[in-house]
Structures are given as structure tokens and as C-alpha cells.
Amino acid sequence: TGFAGQTEWEEQVKNADPALSFAVWRHQAGLHLTALEQVQRLLRQQREIRQRRDQTERDLGEERRLLDECRARLRKLEQAFDECRAGLLAAIYSWHQEHGADLPLDWEELRQMAQAVQGLYEGHRWQEVEGPLTVAYGRQVETLNREKGTVSVEIERLEAEEKRLLQELTDWRNQRDPEPERLPDHDATRRLLTEQNIPHIPFYAAVEFNAGVAPAVRERIEAALTEMGLLDALIIPERHSRQLPASEAYGMVIFPKPQIMTITLADYLHPTPPDKQITASDIGEVLRSILIEDGTLWAEPAHLAEEGLPALSLQSGVFRQGVVKGRAARRESAVYIGKQAMEEYRRRQIALLEENLQTVADKLELQYGNLRTLRDRQERTQLARTLFPAETAIRTAFQDKEATIRESSRQE
């Protein structure tokens, strides 16, 4: 396209018109060139705008594609989170089935736990899931510790009992002859007499049953003498009786008053003097001072009672001593009078102690087993607490979902 006046100018050039002016041509050409340059610039701008629009459309398409991918990924993550939450619930119930005996939870605690899982990170925290577990764990630990304390106390009691029985068994095995139980003051008095060289011997150790005395009669005699206080009473020769200490002496001493022409214990027992300081005559006087009578009822008055001598019945165990009359309770057999009786009693005591020791040992073994069981239960409770489903997987699923939600929001 030519500039304005170009046709007229070309005619003038052909006709060699003297009015022809190149200045006008140049001016017009400049204006035309300027217009062309402006058109070119506009065309270039239009092309750049079209290119930017196309790039924008391509970028928008890519963003839309990314947004669609993000939304699809979010849907998958939401589904994965829901599946993870359902899996966590299933894992908790499976854990309860496997470890509920070691770490018990009641149904209300399980309900609270399930409710917290359903709303986890959406109004509920993980601490609310573990809260019932923590309470149940503390309760179980307290129960096991209390049971262990009870068992430990019983073990201490049984160990002390075992120690006592072992010592008693050792004493019986090492003891030459069994002795009746005495109060400490009585033992102290006998040590004092020994220190002062005053000969003395308890009644039971100074006599022996005659061979023909029946076991039942022996039991009645010893039972009556025990309750009369004569069995362990001291026999001290009359010649030494004035040497007895005036104080710090306790127990019973027999002052004999021998009888003749009547039945006495001398007809059923005989002296067994331990040495020359206490003679058979000293012991025999004591035996002849204890009368035998035929009373069978403790309410019957005894003859010779007015003389104040001790008397007893062979068949019934009824005895009279001063103004007191009674009847001795039955025992298994004679124990202290006679070497054979003492040895049999000693063997019975040893056998009884061994039986008691075995019983205590069995009980101790049972309690040791209970203690081991409780310790195993404590370990299993701790293991159950450790194996409770962890938060890691569901927290990761939630964080991935939240990150994708934030990314989707930025893209929108």
C-alpha cells in the first residue's frame, strides 16, 4: 500500500513536472514508514499476547491437571486415613483379645477408647485413646503389687516358721532327754543351785516305772503328777535343804513325808539316782510321800486328806493335793518318766517336727510359685502395655492428608 499522494507524485515524475518536490515525498514516505512500524509493533504485541494467552491456557491446564491429581490423591489419602482408623480399631480389639487377661480393660474403657479413635485428630487427641489404657495399667500394677505384698508377707512368715522349726528340730536331735516346758525364772533358779553346788534333780528324771506297770496306768500317773505340779518339782536331799537361797529362787521343791503300811508311788516307780549326791533313799522318801487311792470321781472326798499328803488314783487320774482335788486331762502317753518314754516322745517330736517342716516347705514352695507367677504377670502386663497399637501409622496418614489438603487449597 502506498502512502498518500504517491500516485500523483509518480505522474509528476513521468511527466518531468518542474514542480516535483522530493521533500514532500520524503515526508510522506516517513509518515508511511512510521505507520508501518506502528502496525508492525501492534502485530508483534498481538502475537506476544496470543503467545502469553496460549501459555496461560497451557499453564492453567497444567494447574487444573495438578489440582485434579491433588484432589484424587486427597480422596485416596482420606480413604487411607479412614482405613487406617478402622485398622487401628481392629488392632485394638485384637490386642484386647490377646492381652486382655494380662492388662484387663472393662467395656466402658474400651468404648471410650473406640470413641476417641473415631474422632481422632478431629476433636480427640491420641492421649484420649491411651487414657483408659493408662488407667487400666495403673490399676493392674497396683493389684499385682498388692498381691505380691501379701505373698511376700506370707513367705516371710513361713520362712520364720521354717527357721523356728529347724532350730527346734536341731534342739530335739541334740537334746539328750526331753524336758517339760519351764518359765525362765525356773531355769534361772536351777542354774543358781548348780552354781552354789546344791544337789537337785527334777522328779521325772529321778524315777522309772516298774516293768509291770501298764501304759494306760503310766499315762494316768504322769498326767496327775503334771497337774499337781510334782512332775518337774525338785528333789533336794534334806541335808542340803537349809542351803536353799532365801531370794531369787522360783519353782517347786518337794519336802518328803514318807508313809508306811499304805500304797504309794513307790509301788509303781523306783528311784534312778543320777549320782552319789542324791541317793535312792532320798528319791524313795519322795515316792513314799505320794499316796495311791481308789477315788474315781473328782467330787468324792479322798481319805487321808486330813494328813495333807498328795494322793492320786491310778485308773481315773483323780488327784488330791491339800485342799485341791481334780482330775488330770488325758494325754497320748507318758512322756517324761522313764528313759524309754522319753526316747519315744523324743522320736515322736522329731517326726512331728519333720512333718511340720515338710508342710511348711510345701507351703513355701507354693508361695514361691505364686510369687514367680505374679512376677511373670507383671512382665506380661508390661509387655501388653508395650505392644498396644502405636500412633505412628495413623498420625502419618493424617499428616499426609492434611498436607495434601493444604496443597489443594493453595492450588485452588
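**Exercise 1.** In this predicted model, find which residues of α3 meet which residues of α4, and sort the contact by class.

*Solution.* Start on the α3 side: Glu109, Gln112, Met113, Ala116 and Val117 take part. Next, list their partners in α4, which are Glu128, Val129, Pro132, Leu133, Val135, Ala136 and Arg139. Finally, sort by class: the contact of α3 with α4 has eight nonpolar, one polar and three charged residues.

**Exercise 2.** Describe how helix α3 and helix α4 pack, giving the angle and the distance between their axes.

*Solution.* Two packed helices are described by the angle between their axes and the distance between the axes. Locate the helices: α3 covers residues 107-118, and α4 covers residues 126-174. Their axes lie 7 Å apart and form an angle of about 155 degrees. Angles over 145 degrees count as roughly antiparallel, so α3 is roughly antiparallel to α4. For the handedness, the crossing of α3 and α4 is left-handed.

**Exercise 3.** State how many cavities of 30 Å³ or more the structure holds, then describe the lining of the largest cavity.

*Solution.* Begin with the count: the structure holds one cavity of 30 Å³ or more. The space in the largest cavity is about 40 Å³. Its lining consists of His186, Thr189, Arg190, Leu234, Tyr250, Gly251 and Met252. Now assign the lining to elements: helix α5 (residues 184-195) supplies the largest share, three residues.

Key: Residues numbered from 1 in each chain as written. Predicted model: local features only at pLDDT ≥ 70, side-chain atom pairs only at ≥ 80, totals over all residues. Heavy atoms only, no water. Axes fitted to C-alpha atoms, helices over the stretch in contact; angles between N-to-C directions. Helix = DSSP H or I, 4+ residues; strand = E, 2+ residues; numbered from the N terminus. Parallel < 35°, antiparallel > 145°, perpendicular 65-115°, else oblique. Left-handed = near helix turned anticlockwise from the far one by under 90°. Contact = heavy atoms within 4.5 Å. Nonpolar A, V, L, I, M, F, W, Y, C, P; charged D, E, K, R; others polar. 1 Å grid on protein atoms, 1.4 Å probe; cavity = no way out; pocket = protein on both sides within 12 Å on 5 of 7 lines; lining within 4 Å. Points joined across faces, edges and corners; volume = space filled by probe spheres on them.
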